Amino acid sequence: MQGNIASAEGALAAGCTFFGGYPITPSTEVAEHMATRMPKIKGACFIQMEDEIASIAAVIGAAWTGARSMTATSGPGFSLMMENIGYAVMTETPCVIVNIQRGGPSTGQPTMAAQGDIMQVKFGSHGDYSIIALAPSSVQECFDLTAKAFNLADRFRTPVFLMADEVIGHMREKIEIPDSVEIVRPKPLPEGALPFAPGPDGVSGFAAFGTGRHIPVTGLTHDERGYPDTTNPARHESLVRRLVSKIEDARHDIADYSIVNEEAEYVFVCYGAPVRTVREVVERLRLPDTGYLQLRTVWPFPEGLLSRFPKVKAFIVPEMNLGMMAREIERHVSVPVIPVSKIGGDLHTPEELVEAVKAAGGLL
Amino acid sequence: MRDDWLREDRLPHIYCAGCGNGTIMNCVLEAVEKTGWDQKKTIFISGIGCSSRAPGYILTDSLHTTHGRAIAFATGVKMANPSLHVVVFTGDGDLAAIGGNHFIHACRRNIDITVVCMNNHIYGMTGGQGSPTTPIGKTSTTTPYGADEAPFDLAELAMAAGANYVARWTSFHVKQLTDSVLTGLNTPGFSLIEVRCQCPTSYGRRNKYREPVDYMTYLKSHAVLKEKWERSAAPGTELPVDSFLVGEFVRRQRPVMGVPDEA
C-alpha cells in the first residue's frame, strides 16, 4: 500500500467522516482515495474545495458538528492554511491536517521530499500557540499515526498534524491493518458548564453544534462563555497560556518514540524519512557506539528523552532541511549537536551518516 | 418572542448610532422565526467586519470566523450535518473582496445556505476604507479623491454564478426584506439577500449623508423595483444615475448540495 493511501485508510479506520481538500502534489492521492471511499460510507462527506483556505475552513466547520474531519496538502497549500490553523487553535477545534512535505520555498520541488515545514507547523500562524505534530517514517506509521492523530486532536481539542514527506507518502510497503483502532473522543461538555471553561488538564469539554448548547465560537480573545473580551490583558494572557500549557504540560505523555541503544556515545535524533537511513546504519550495519532516538511526536518536543543517553558524546541530527530540529535539540543539551542537513529531495545515504559519526569523533 | 433568540447579556451591541445592521438583523430573525426552525438546529456563521458581529448577539450555536471565509466554514458545517439550518451574515468587503472566491463557488455548488450581505459600500470596522462596492466617485479613506474602480453588483454576480435565490433590498424596505429572507431560508440551495444599508459613521460622514436618515432617504428614492422597471422601461434603457434595482432577481430549482437525504 502507498503511504498516502495508508494515511487515508488510517483516517477512515479512526472514523473520519469529513474530508475537505484541494489537489496538490505530492499529497493528492490522499484526497483521491477519500473521494473514492467516502461516498460509500454512510454519513461521510468528501468535498473538493476551491482552495486550501476553504479546505481548512470547511474542515473546522465540519468539526464543530462533531465529525472527525481532515484535510491533506503540501507546502504551498500548507502556507495558505496558516490563518485558519490559528483559528482552529484559538477556538480549540479538533481536526487533522496531513502535510506531505515537498521542497520549498515557494513552488520549489513539487515531486521531491523535504522536511522544511517542521518549524512552520509550530510557528507558521501568528501569535503564541502550541500544536501536536507527528512524523511517520514508514507506510505502517502513516496508517497508525493518522488514526492516532484524531485521538490526540479530540483529547486536547487542537489541530494535529501528520508531517510526512514525498518519499514516505509515495513509497509502497506491506502493512498490517488492525481489525479496529483505539478511538478516544473528546470529553463531553458537562451539563451547565461554560463551553470554554477548562478541566484540570486545561482542556474544555466539547459539545457539537445542534445539541442545544448555543456555543458562540470566535477567533477573538474570549471568556469562558465564548464572548469576545479583546482589551483585557489578563484575559488574553490566561487564555493563550492555557492553550499552550494544555499541550506543553502533556509533552511526555504525548511523546511517541523509539530508542535503540541507550548506551550509545553517538546518538542519532531523527524523525520521518531519515529514520530509515539511521536504522540501516545502527541496526543493520551495527555501527559501533551508535544508537538513535526516533521521534514520532515532533511537537510538543519531548526534550526529556534526550537525557536517556548517559554516555552520549554527540547528538547527530539528519534532516531534509538546513538543520531545523537540530537547533531545537541544541538548546536542551550540553554535548555537541551535529546537523546532517540535506535538501534537494534525496534521502541521506548510509555513508553520509557514517561520515557524520567519524566527524563527531567516533569510529576511531 | 424574538427576545428568545437574543443574547441579552451581550448587550449593548457595538454598532454605532444609526447603523443599518440592527434593522437587518431584526428582519432576519423575524424571518427565521417564521420558518419555525428549531433554535438548537439553527447556526449563524460570519467572517470579519461589522456585519460579522451579528451572530455573537444571537442565542444559537455560531461561528465568528476569519475574514472572508464564512461561506467556506458554512460549507463544512452544512455538508457534515445537512439537518442543520445555516445562515451567514457578511458584508461587502468580507463577501466580495477577500471572500469573493468562496462566494462564487458556493453559488456554483448551490449549497443549501442563506447568505445575508449587509452592503454599506465601505469597510466600517477598520474606519472607512473603500470596498468592491464603493460607487465610482464616492469618498473613503483609501479613495480620498473619489473611487475610480467599477463596483461589483453582488446580486448579478450571485445569479450568474448559479445561486437558486437572489434578492436585493435596502434597510428602508423592512417588510420586503423580511419576506425575501424568508423565501431565501425556505428555498433549497444557495440564497443571497443583498441589503444596501447606511453607515453614517464611515460612509455617510464623507459622502454628504451625515445623518442616518439622509442615506435612508437616498435608498428609498433611488431604489427602483425590478419588476416595475422591466415592465415600464424600453428595452436597453439605462437606469438613472445613482439608481439601482431592488426586488427578487431569481428564484429557481437548480440541483443543490447539503440537503438531508430523502431516505
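1. The lining of the largest pocket holds twelve nonpolar, four polar and seven charged residues. Here Ala, Val, Leu, Ile, Met, Phe, Trp, Tyr, Cys and Pro are counted as nonpolar, Asp, Glu, Lys and Arg as charged, and the others, Gly among them, as polar. The lining has 23 residues, and B:P151, B:R196, B:D242, B:S243 and B:F244 lie nearest the centre of the pocket. The volume of this pocket is about 500 Å³. Both α7 (212-222) and β10 of chain B supply at least two residues each to the lining.

2. This is a predicted model, in which local features need pLDDT of at least 70 and side-chain atom pairs count only at pLDDT 80 or more, while totals for chains, interfaces and linings use all residues; side-chain values use heavy atoms, with hydrogens and water left out. Residues are numbered from 1 along each chain as its sequence is written, and chains are lettered from A and ligands numbered from 1 in the order in which they are written.

3. Some terms need their cut-offs. On a 1 Å grid over the protein atoms alone, a pocket is an open set of points with protein on both sides within 12 Å along at least five of seven lines, a cavity is a set of points where a 1.4 Å probe fits but cannot get out, and lining residues have an atom within 4 Å of a point. Grid points are joined across faces, edges and corners, and a volume is the space filled by probe spheres set on the points. Helices (H or I, at least four residues) and strands (E, at least two) are DSSP runs, numbered from the N terminus.

4. The structure holds three cavities of 30 Å³ or more. The largest cavity has a volume of about 110 Å³. Of its 13 lining residues, A:T218, A:P228, B:R10, B:G56 and B:H64 are the closest to the centre. β8 (216-218) of chain A and β2 (61-64) of chain B are the elements that give two or more residues to this lining, and β8(A) has the largest share, with three residues. By class, the lining of the largest cavity has five nonpolar, six polar and two charged residues.

5. The second largest cavity has a volume of about 70 Å³. Among the 13 residues that line this second cavity, the closest to its centre are A:A67, A:R68, A:P94, A:D154 and A:R185. α6(A) gives the most to the lining, with three residues.

6. B:Q198 sits in the loop between β8 and α7 of chain B. With 6% relative accessibility, B:Q198 is buried (under 20% relative accessible area; exposed is over 50%, partly exposed in between; 1.4 Å probe, protein chains only). The side chain of B:Q198 makes a polar contact of 2.7 Å with the side chain of B:S171. A polar contact is a pair of N or O atoms within 3.5 Å; within protein, one must be able to donate a hydrogen and the other to accept it, and residues adjacent in sequence count only if both atoms are side-chain atoms. The backbone oxygen of B:G18 lies 3.1 Å from a polar atom of the B:Q198 side chain.

7. A:R296 is in the loop between β11 (290-295) and β12 (297-299) of chain A. A:R296 is buried, at 14% relative accessible area.
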